[in-house]
Amino acid sequence: MDRVARLASQKAVVIFSKSTCCMCHAIKRLFYDQGVSPAIHELDEDPRGKEMERALIRLGCNPAVPAVFIGGKFVGSANAVMTLQLNGSLKKMLKDAGALWL
C-alpha cells in the first residue's frame with residue numbers, strides 16, 4: 001500500500017495499468033490526447049505488480065486496473081475517469097493538479 005501511495009504522488013497524473021488491458025489503453029490514450037504525460041506503471045511488467053494490484057483493490061479499485069490518480073488522489077478506474085471527462089470536470093482536475101497549463 002505504501003508503494004502505491006508513494007508512486008501515485010510522484011507525478012500530477014499516475015496510471016496503474018496492465019499492458020494487455022484494452023480499457024487501460026483507452027484511458028492512457030484519453031490523457032495523451034489532452035496533452036497530459038502521465039506516469040504509467042504496468043503491473044504485469046513489474047516484479048511487485050501483484051502486490052500493488054492487491055493494494056489497489058483494497059483502495060476500492062475494482063477491477064484493479066486502470067487505476068488513475070490525479071494530484072496524488074485516487075480518482076477511480078475507467079468508468080469514473082470517463083464520467084469526469086463527459087461532465088467536463090476532468091480538465092479542471094488536471095489543471096488544478098498542474099498536469100495541464102492551458
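Tutor: Both Phe-16 and Phe-69 are buried, where buried means under 20% relative accessible area, exposed over 50% and partly exposed in between, with a 1.4 Å probe and protein chains only. This is a predicted model, in which local features need pLDDT of at least 70 and side-chain atom pairs count only at pLDDT 80 or more, while totals for chains, interfaces and linings use all residues. Residues are numbered from 1 along each chain as its sequence is written, and side-chain values use heavy atoms, with hydrogens and water left out.

Student: How many aromatic pairs does the structure hold?
Tutor: It holds 2 aromatic pairs. Rings of Phe, Tyr and Trp (its six-membered ring) pair if their centres lie within 6.5 Å; planes under 30 degrees apart count as stacked, over 60 as edge-to-face and the rest as tilted. The Phe-16 and Phe-69 pair is edge-to-face because the ring centres are 5.6 Å apart and the planes stand at 75°. This pair links distant parts of the chain, with Phe-16 in strand β1 (residues 13-17) and Phe-69 in strand β3 (residues 67-70), 53 residues apart. Helices (H or I, at least four residues) and strands (E, at least two) are DSSP runs, numbered from the N terminus.

Student: And what about Phe-69 and Phe-74?
Tutor: They form a tilted pair, 5.3 Å centre to centre with 50° between the planes. Phe-69 has a relative accessible area of 4% and is buried, whereas Phe-74, at 30%, counts as partly exposed.

Student: Switching to helix α3, which residues are buried there?
Tutor: In α3 (residues 49-59), these are Gly-49, Met-52, Glu-53, Ala-55 and Leu-56. They lie on the same side of α3 because they cover an arc of only 160° around the axis, the arc being that of the directions from the helix axis to the C-beta atoms. On the other side of α3, Lys-50 and Arg-58 are exposed.

Student: What covers the buried residues of α3?
Tutor: The cover includes α1 (2-8), β1 and β3. Just after α3, Gly-60 takes a positive phi of about 110°.

Student: How many salt bridges are there?
Tutor: The structure holds 6 salt bridges, each a side-chain nitrogen of Lys or Arg within 4 Å of a carboxyl oxygen of Asp or Glu. One of them joins the side chains of Lys-18 and Glu-53 at 3.2 Å, N to O. Lys-18 lies in the loop between β1 and α2 (22-33) and Glu-53 in helix α3, so the pair ties together parts that are 35 residues apart in sequence. Lys-18 is partly exposed at 22%, while Glu-53 counts as buried at 16% relative accessibility.

Student: Where is Glu-42, and is it buried or exposed?
Tutor: Glu-42 is in strand β2 (residues 39-42), and at 17% relative accessibility Glu-42 counts as buried.

Student: What is Glu-42 in contact with?
Tutor: Leaving aside neighbours within four places in sequence, Glu-42 is in contact with Ser-17, Lys-18, Ser-19 and Lys-28; contact means heavy atoms within 4.5 Å. A polar atom of the Glu-42 side chain lies 2.9 Å from the backbone nitrogen of Ser-19.

How values were computed:
A polar contact is a pair of N or O atoms within 3.5 Å; within protein, one must be able to donate a hydrogen and the other to accept it, and residues adjacent in sequence count only if both atoms are side-chain atoms.
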